[in-house]
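I opened my notebook to see what I could learn by looking things up one at a time. Here is the structure I worked from.

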Amino acid sequence: MTENKMVQADQLTRFMFDDCPVRGLHVNLQQVWRHVAANKVYPKAIHQALGELTVAAVLLASNLKFDGNLIVQVQGKGILKMLVAEATSAATCRATARWDESAVIDDNMTLVDLLGEGGMFVLTLQPSQGESWQGMVELSGSSIAQMLMNYMARSEQLATYIMLAADDEHASGLLLQKLPEQDIDEDSWTELSALSETLTADELLRLDVQTLLYRLFHEHELRVFTPQNVEFSCTCSRAKVGDMLLLLGGQEVGEAVAEQGSIEVNCDFCHARYVFDEADVNSLFGTDIVATAQEELAARQLNH
Ligand SMILES: [Zn+2]
């Protein structure tokens, strides 16, 4: 059996320590990660960071106490403008990145080099019912895991250890978190964190969850729960693109269609292509916005 076959792909596994109040999560993505990464040709450093952020979103969304989704964004002011990963309480995810595609990006450039100074880390919670919530802090840390741990240390009381890794084939993560409202002595937490830190990125990417947990925590009593499948899912739709066009307004949309014949919107996450022609936008706005725009354009040309 090859090592690749030993890894159960696209699964989220929860575990609990019976001898101390700590819970854990492990995620390994393969097909899902390859699907996310196949949408664009990502430079190496962006590719790795995006894989790690996708795993981070899946780990954090699995702790949601409501139905809905969680979005993690890393916003930069350098070559890299934005990394965004979204995961739902139903264990689906999507992710994408925006960067200056005209820039020359060396394989040795780090995430920090790419983001530049003054970046932000943004976490958004969107319950399917009720109000959204957003938290934002300045970026600090040299990796996605460090940025996330710094964010959590500033915003949450629960001590959390996170390790993330991604390569072309896999994107994986391990999370340990103290249970709420239960005391744990500092030594036990320090020991579990120190054990976790002995894990290499390669082991995190390639070991199956049972082997990985045994390798780290065989001196502890662990309960490992049945894994949950993780899937890629994009929430884009023709109706949402229509809502966006309505927000732009009849004049702008009418002029664009009068000049180009149609409007085309491509989803950044899944590359779905939505085309709205003259009949589509007129029916969307409930009035002949294209004819109005054509008349205005003609009148403007007469005035020149
Ligand atoms: Zn989409």
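**Entry 1: contacts along the chain.** I looked at contacts in the protein with a separation of 6 or more, and residues 24 or more positions apart account for 64% of them. I noted that this is a predicted model.

**Entry 2: overall layout.** I found 12 helices and 14 strands in the protein. Its C-alpha atoms fill a box of roughly 85 × 45 × 40 Å along the principal axes. Of the 304 residues, 34% count as buried. I then looked up the domains: domain 1 covers 7-232 and domain 2 covers 238-298. Their centres, taken over C-alpha atoms, are 38 Å apart.

**Entry 3: the cores.** A reminder to myself: in soluble globular proteins, nonpolar side chains tend to be buried together. Which residues have the most contacts inside the largest nonpolar core? I got Leu53, Ala56, Ala57, Val58, Val72 and Ala85, in a core of 60 residues. Helix α3 (residues 44-61) gives the largest share of this core, with 12 residues. Another core lies apart from it and has 10 residues, including Val241, Leu245, Val253 and Val281.

Setting aside neighbours within four places in sequence, I found Ala85 in contact with Leu53, Thr54, Ala56, Ala57, Val72, Cys93 and Ala95.

**Entry 4: a pair of helices.** Two packed helices are described by the angle between their axes and the distance between the axes. For helix α10 (residues 250-260) and helix α11 (residues 278-285), I noted an angle of about 170 degrees and axes 10 Å apart. Angles over 145 degrees count as roughly antiparallel, and α10 and α11 are therefore roughly antiparallel to each other. The contact uses Gly250, Val253, Gly254 and Val257 from α10, and Glu278, Val281 and Phe285 from α11. I also wrote down that α10 passes α11 in a left-handed crossing.

**Entry 5: two phi values.** Most residues other than glycine have a negative phi. Asp10 is not a glycine, yet I found a positive phi of about 55 degrees for it. Asp10 sits in the loop between α1 (3-6) and β1 (11-17). Glu181 also has a positive phi, near 60 degrees, and is in the loop between β9 (171-178) and α6 (186-197).

Is Asp10 buried or exposed? Asp10 has 22 other C-beta atoms within 10 Å, so I put it down as buried. Glu181 has 8 other C-beta atoms within 10 Å, so Glu181 went down as exposed.

Technical notes: Residues numbered from 1 in each chain as written. Predicted model: local features only at pLDDT ≥ 70, side-chain atom pairs only at ≥ 80, totals over all residues. Domains from an automatic or database assignment. Core = buried A, V, L, I, M, F, W, Y, C linked by C-beta atoms within 7 Å. Buried ≥ 20, exposed ≤ 12 C-beta atoms within 10 Å, placed from the backbone. Helix = DSSP H or I, 4+ residues; strand = E, 2+ residues; numbered from the N terminus. Contact = placed C-beta atoms within 7 Å. Axes fitted to C-alpha atoms, helices over the stretch in contact; angles between N-to-C directions. Parallel < 35°, antiparallel > 145°, perpendicular 65-115°, else oblique. Left-handed = near helix turned anticlockwise from the far one by under 90°.
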